[in-house]
Amino acid sequence: MMRKKSVSASKASLVLFLCQMISALEVPLDSKLLEELSQPPTITQQSPKDYIVDPRENIVIQCEAKGKPPPSFSWTRNGTHFDIDKDAQVTMKPNSGTLVINIMNGGKAEAYEGVYQCTARNERGAAISNNIVIRPSRSPLWTKEKLEPNQVREGDSLVLHCRPPVGLPPPIIFWMDNAFQRLPQSERVSQGLNGDLYFSNVQPEDTREDYICYARFNHTQTIQQKQPISVKVFSTKPVTERQPVLLTPTGSTSTKVELRGNVLLLECIAAGLPTPVIRWIKEGGELPANRTFFENFKKTLKIIDVSEADSGNYKCIARNILGSAHHVISVTVKAAPYWITAPRNLVLSPGEDGTLICRANGNPKPNISWLANGVPIAIAPEDPSRKVDGDTIIFSHVQERSSAVYQCNASNEYGYLLANAFVNVLAEPPRILTSANKLYQVISDSPALLDCAYFGSPKPEIEWFKGVKGSILRGNEYIFHDNGTLEIPVAQKDSTGTYTCVARNELGKIQNEVQLEVKDPTMIIKQPEYKVVQRYGHVSFECIIKHDSTLLPTVIWLKDNDELPDDERFLVGKDNLTIMNVTDRDDGTYTCIVNTTLDSVSASAVLTVVAAPPTPAIIYARPNPPFDLELTGQLERSVELSWIPGDENNSPITNFVIEYEDGLHEPGVWHYQTEVPGTQTTVQLKLSPYVNYSFRVIAVNEIGRSQPSEPSEQYLTKSANPDENPSNVQGIGSEPDNLVITWESLKGFQSNGPGLQYKVSWRQKDVDDEWTSVIVANVSKYIVSGTPTFVPYEIKVQALNDLGYAPEPSEVIGHSGEDLPMVAPGNVQVHVVNSTLAKVHWDPVPLKTVRGHLQGYKVYYWKVQSLSRRSRRHVEKKILTFRGNKTFGMLPGLEPYSSYKLNVRVVNGKGEGPASPDKVFKTPEGVPSSPSFLKITNPTLDSLTLEWGSPTHPNGVLTSYILKFQPINNTHELGPLVEIRIPANESSLILKNLNYSTRYKFYFNAQTSVGSGSQITEEAVTIMDEAMASRQVDIATQGWFIGLMCAVALLILILLIVCFIRRNKGGKYPVKEKEDAHADPEIQPMKEDDGTFGEYSDAEDHKPLKKGSRTPSDRTVKKEDSDDSLVDYGEGVNGQFNEDGSFIGQYSGKKEKEPAEGNESSEAPSPVNAMNSFV
């Protein structure tokens, strides 16, 4: 029996004639063939049904069509023939039906209003366009009227009527003032759908004389202005509060009719004080999720893409604290006609049957009528092969004269649909499209596919012959595909020869010859073998090949699957690879690859580099390969394999690894099949359908794996349906209008038979649609175009081959492509938490408008200016991202007393949506930073001059500076603290009435209304009194003082010499013992605890203690000075006390650490103090 293979859908997609066709006859898209075949006209482009034109520009009415022969065009206007030759203003484009009406050279658009229809005609039929209604746009002026001023009492309601002129299309209404600024709207003041401006209650701020209504006519790009309306609000006390009353609509009920697929807009605006809040409900049901939006401060209910299910009663409720009012709107959803099944082009052969089906729905149900070549079918020429049955035309035993273009018109009171579909009856003798004497070359034992692309009408029968006088090919060794291709699943050497394809139908016969050459496979008859070589030796791998004499092989050597090292030690010969002076780096796997234009084979071997030759006692090696492989018990899904083990080489075989090669799908590639224990030499193997199996066995011991055995004989299993479907099916759109369906294709042997294809099916989720399916070739992707943006789809992919389908696949959910979000987040609000932190809120955007996977929101914010300096700087925008459907976030790190702007954008997988309007907010004042500097200059006996710089970051309006200071004595004790408040506009101060020669510590900071900032500290010293200093110097220079000092020094020297002499003589003397018993305080050094010293000591040798150290009982370190190291104030302390214990000394000594500015004066140690150290 002949086996047929259905043409794959991917190939079918290349041979579909025009857009869609229901026919057993398929026309290949061969350019030469298409030029020769006749085709009825098809309208390819036309103007919209309702065509509003700009009266100032030329009118272009489009009508494009294709057909063979090329069609001619004619037009009707208002139902009668339109003779364009008689109107000089009208021309038709060459090779086209498009009309150009010249308005710019004197024509008037109003003269060409009407209903136009285009007809494209050739010898095969006539196609017609829609009725195209031409209307010029209109933007009339406002009628003049006298507008009286509106005087309204505070709290009353008010309606300012716009009443725009009637335009075509209707204008867009908006209210502005004389400065062309839009009037602010709110829950209290808003514009209605009719353009009127409604005030739920008026307030004194509503008083103005420039309420102006504007009408914008987009088609003509003009704006018309109504005369300004004056409103004056007079106040009465008290203002009377009132419960809600509906301003529009009036009454308690109203009706509304809307068409399916349109946007439903319902409006309720109420008066009242306080301002009423509007709420919407649907009686007996819920408002549709994801399609419901509230606009105009919830006064307008918007439902997109309405359907019959949205019919019902909608109630709006206006409520304030005094009561409520409501209105019920009864909504009826009607439907203009829409397609269920549009008629499709039909291509038939003479004598065949076919049908045209035209099914549409609507509310009310549309009327279906048929036309033939633009004429109602009732008065069209009769065709005995045609029978009309309602929405179906049945064709029986058609002939060439049955070719025509049929129009289906579905209409009701809300509109119509018109579709053209042709019936093309072709009588064509056979044509063979494959090139003559085409040469095919294949490797022996692999499949061969010989093409015979053809066309004819009626569909030709295809027969194949081998040789010039050969008989017709039949039998299981051949597969005959519906597209004419001959497949030889396992080509052998004797398959070489000339093959003749014959195509015949009742109109003729044609044949074509192709050549097939079957080549011997390339083989490696001597493979490289495992080598162990001593370091610095040399090694050689052999790779001897056998190939078809007509093929030119190339040999490539690899090391560890990479190119050989660029090293002269590697020598590549014709049949071998030699490595000289082997090193440890040469250890690895070496592969010989042989390529021809038709096949490729490879073999590998491992090189092991050792330091010394193997131990000669016992040689352990990998086992020798098994041999004598035999297949028995062949069944459809199993076979038994047996073998004889090779030599173990002193290491027992632990297991055998069985590998297989699929000569049909992957020749030369070996795959793991199974493994068995080393004691077993037979195994039952499970097989897959449609695989040309060869097996080999590898023995394994503790040393390693043996070389593979020689392959077994080949065994071709029978074909079967696929057992499984593709995995990892996904649907992700790459563009807003497509759905990319991908999957992991089945491996070669998983196909279970020839002709592996995939049936790809999809339908929109949650919509009552039928599955759309297409059969594609062995690919892994299919793109569905023309999808809505980001909607869920149910997807399934099913495998099939020539014998049938795989089991029913499971469904997965995918989404069509994302697009950028449509709307910005609304109701953006900012709550300032403190001077450096704010919280932003926003309303989530409707998920329908996200048009993708919601990833989150981005908040862009930036500082506009500092409110204290009023100076702008470079704007550096900051971005915070909030993941998911979060509707608030914190903005940290703000600068106090600054003006900021922010906006919010929604983010999906495609990118960011539009930004919300910029929101301005201000941060409050904070405490300032410390003054930029503090300098102390011009020290005198009793004054110091202070200069300072304003804070780098005032963080608000400076109110004053605070100066605190206190004196520091020589023991670093702090005196009383004095505080002075200085005006903020000052930058210097002279401190007077200070003590002379006194160190002061200053604390200085700035203040705002929030509080004090951080302080800056500094120290300075007033200068010494010159008279006292001179007296001290005079004492030190007196002669008696110098003589006294010299005598004391001489006495001490004599005593030291005497002590030294006595000590060298040894022993004690009476005077010494007396001295030990009664120590002389003039000679014996005193202890530190007595407060005196036995020798001269500089003040720097006794530095004051730091914080935390013990201090004398009569001195303490003050708490406010604890932050400063007392070392900074380290000076010697000398003096005496009066009888009452009061201190009468003076500051003396040298300061260890000078202030940063170095403005204080330094003092030298006083000679008086030096003298006191010895007393």
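In what sense do strand 15 and strand 18 pair, and over how many bridges?

Analyst: The model is a predicted one. In it, strand 15 (residues 172-176) pairs with strand 18 in the antiparallel sense, and the pairing extends over five bridges.

Strand 18 itself covers residues 208-217. Seven of its ten residues are buried, so the strand is largely enclosed by the rest of the structure. Here a residue is called buried when its relative accessible area is under 20%. For the protein as a whole, 41% of the 1175 residues count as buried.

Strand 19 (residues 222-225) pairs with strand 18 in the antiparallel sense over four bridges. Within that pairing, F217 has T222 of strand 19 as its bridge partner. Strand 18 and strand 19 form a hairpin with four residues between the strands, and there Q221 takes a positive phi near 55°.

Strand 20 (residues 229-234) also runs antiparallel to strand 18, to which two bridges join it. In this case the bridge partner of Y211 is I229 in strand 20. As background for reading such pairings, the side chains in a regular strand alternate between the two faces of the sheet.

The wider setting of strand 18 may now be described. The protein contains seven helices and 86 strands. Among contacts with a separation of 6 or more, 65% are between residues 24 or more positions apart. The protein exposes about 62,600 Å², of which carbon and sulfur atoms supply 51%.

The link of C63 and C118 is left-handed, with -70° about the S-S bond. C63 counts as buried at 0% relative accessibility, and C118 is buried with a relative accessible area of 0%.

To return to the strand in question, strand 18 pairs in the antiparallel sense with strand 15 and with strand 19, while strand 20 is joined to strand 18 by two bridges.

Definitions and conventions: Residues are numbered from 1 along each chain as its sequence is written. This is a predicted model: local features need pLDDT of at least 70, side-chain atom pairs count only at pLDDT 80 or more; totals for chains, interfaces and linings use all residues. Side-chain values use heavy atoms; hydrogens and water are left out. Buried means under 20% relative accessible area, exposed over 50%, partly exposed in between (1.4 Å probe, protein chains only). Contact means heavy atoms within 4.5 Å. Accessible areas come from the Shrake-Rupley method with a 1.4 Å probe; for residues, only the protein chains shown count as cover. Two strands pair if DSSP finds at least two bridges between them. A disulfide is a pair of cysteine sulfur atoms within 2.5 Å.
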